Amino acid sequence: MDVLFTAVGSIGTRHVGNLTKVCEEKGIELNIDVCRYTDRELSDDLSKMIRREIRNDEDLSDFYDVVFITDETKTHYDNISKYRNMCKHMFIEKPIFEDAAYNVEDIIPQDETSVYYVACPVRFTDYYKELSKIVSNTDVYSARIIFSSYMPNWQKGRDYTKSFRCFVSRGGGVDIDSLHDIDYMTGLFGQPLNVKRVAGHYSNLQMDAPDIAVYIFEYKDKLVEVHLDYFGRTPNRRVELYAKDDVYVVDFNKKTVEKQLEGSVRSFAPDDDFYYREMTYFVDLILSNGTIENINPIQNAYSSLKLAKGLV
């Protein structure tokens with residue numbers, strides 16, 4: 001399998017490691033090229049997994065089995081367009097684009113056997129599995145989804161003000177950077193009928209992109225509230241499900257499922273391997289010749305982006 005990564009920052013590096021592990025387990029010979037735009041020295045561990053560093057287009061191979069779109073969000077559309085004639089499959093980091101102004105019909109796979117998958121790792125967590133079980137077994141009338149975290153702490157030792165997350169022009173903002181929670185909402189409940197959105201910059205974080213986004217999604221049979229922010233000083237990621245039989249609280253950080261009426265709390269196991277499970281799924285997906293469903297093709301990811309921007 002010949003693979004190209006368009007960048008190897010923290011996300012790309014994690015994917016290189018997981019892809020290498022999965023291919024070793026499946027007995028797949030793997031050759032990885034990575035595009036480099038800086039002189040930052042790669043770690044020894046990462047260098048050992050890479051065949052070539054690509055500094056200009058003349059060094060690219062003529063064809064890759066898979067291209068991983070792992071650079072800044074603002075470059076995604078151009079790179080998908082650039083590489084779509086040079087590869088069979090794509091793994092595209094979320095969010096798919098920095099805004100909803102693009103025409104996705106121009107970049108859908110030309111070959112119906114090609115897979116373009118957009119990352120949605122939360123769907124591979126035990127957290128999401130627990131939510132799915134509840135939603136499948138009871139009537140949910142309303143839900144509250146919360147993701148709150150202090151973004152400057154995400155990468156220790158690095159100046160958060162230099163991150164793409166701080167700049168609208170670079171595809172930043174909590175509304176699209178943290179749309180994982182909107183994505184898995186659609187996995188649980190489907191597409192909403194309407195959305196109301198309020199977003200902006202309200203904290204003392206040094207950024208011009210939104211640091212908070214709050215939504216109400218209207219379904220035929222329920223309302224779903226979503227709260228996303230970059231400035232919560234204690235990590236908070238959970239879902240409250242107001243259901244026919246009980247009020248369920250599923251907590252991502254505490255790894256608990258609480259039934260408030262029943263008065264019970266159940267823990268589920270610590271879960272650090274969901275990115276690896278996602279990569280295993282992706283490799284199986286591209287090897288399946290269409291027998292495995294692509295749970296997040298470009299069209300789905302674009303729909304989630306539109307919802308994050310307050311559009312249906």
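**Notebook: helices, loops and overall form**

I began with helix H7, whose 14 residues reach 20 Å from the first C-alpha to the last, close to the 20 Å expected at 1.5 Å a residue. I note here that the model is a predicted one, and I keep that in mind for each entry below.

I then listed the buried residues of H7, which are Phe274, Glu278, Met279, Thr280, Tyr281, Phe282, Val283, Leu285 and Ile286. Looking for what covers these buried residues, I found that the cover includes helix H1 (10-26), strand E4 (64-69), E5 and E6. As a reminder to myself, an α-helix has 3.6 residues a turn, so residues three or four places apart point the same way.

Just after H7 I came to Asn289, which takes a positive phi of about 55° although this residue is not a glycine. I placed Asn289 in the loop between helix H7 (274-287) and H8, and I recorded it as exposed because its relative accessibility is 74%, the cut-off for that class being over 50%.

I looked next for another positive phi and stopped at Lys255, where the angle is near 60° in a residue other than glycine. Lys255 sits in the loop between strand E12 (247-251) and strand E13 (256-259). Is Lys255 buried or exposed? I found a relative accessible area of 18%, so Lys255 counts as buried, given that the class is defined as under 20%.

My next entry concerns helix H6 (residues 180-189), in which nine of the ten residues are buried, so that this helix is largely enclosed by the rest of the structure. The buried ones are His180, Asp181, Ile182, Asp183, Tyr184, Met185, Thr186, Leu188 and Phe189. Which elements cover them? I noted that the cover includes helix H4 (126-137) and helix H8 (298-308), together with the strands E7 (140-150), E9 (212-218), E10 (223-229) and E11 (231-243). H6 is followed by Gly190, whose phi is also positive, near 85°.

I checked the peptide bonds and wrote down the one from Lys94 to Pro95, which is cis, with omega near -15°. Pro95 lies in the loop between strand E5 (87-92) and strand E6 (116-118); E5 and E6 are also among the elements that cover the buried residues of H7.

I looked up Lys82 as well, which is found in helix H3 (residues 76-83) and counts as partly exposed at 35% relative accessibility.

Last, I turned to the protein chain as a whole, whose secondary structure comes to eight helices and 14 strands. Its radius of gyration is 20 Å, which agrees with the value near 20 Å that a compact globule of 312 residues would have. Along the principal axes, the C-alpha atoms fill a box of roughly 60 × 45 × 40 Å.

Of the 312 residues, 53% count as buried, and among contacts between residues at least 6 apart in sequence, 66% join residues at least 24 apart. The chain exposes about 14,900 Å², of which carbon and sulfur atoms supply 47%. I also compared the mean positions of the 38 positive and 51 negative charges, and I found them to be 4 Å apart.

Methods: Residues are numbered from 1 along each chain as its sequence is written. This is a predicted model: local features need pLDDT of at least 70, side-chain atom pairs count only at pLDDT 80 or more; totals for chains, interfaces and linings use all residues. Side-chain values use heavy atoms; hydrogens and water are left out. Helices (H or I, at least four residues) and strands (E, at least two) are DSSP runs, numbered from the N terminus. The radius of gyration is taken over C-alpha atoms; the globule rule is 2.2 Å times the number of residues to the power 0.38. Buried means under 20% relative accessible area, exposed over 50%, partly exposed in between (1.4 Å probe, protein chains only). Contact means heavy atoms within 4.5 Å. Accessible areas come from the Shrake-Rupley method with a 1.4 Å probe; for residues, only the protein chains shown count as cover. Lys and Arg count as positive and Asp and Glu as negative; His and the chain ends are not counted. The place of a charge is taken as NZ of Lys, CZ of Arg, CG of Asp or CD of Glu. The expected span of a helix is 1.5 Å times one less than its number of residues.
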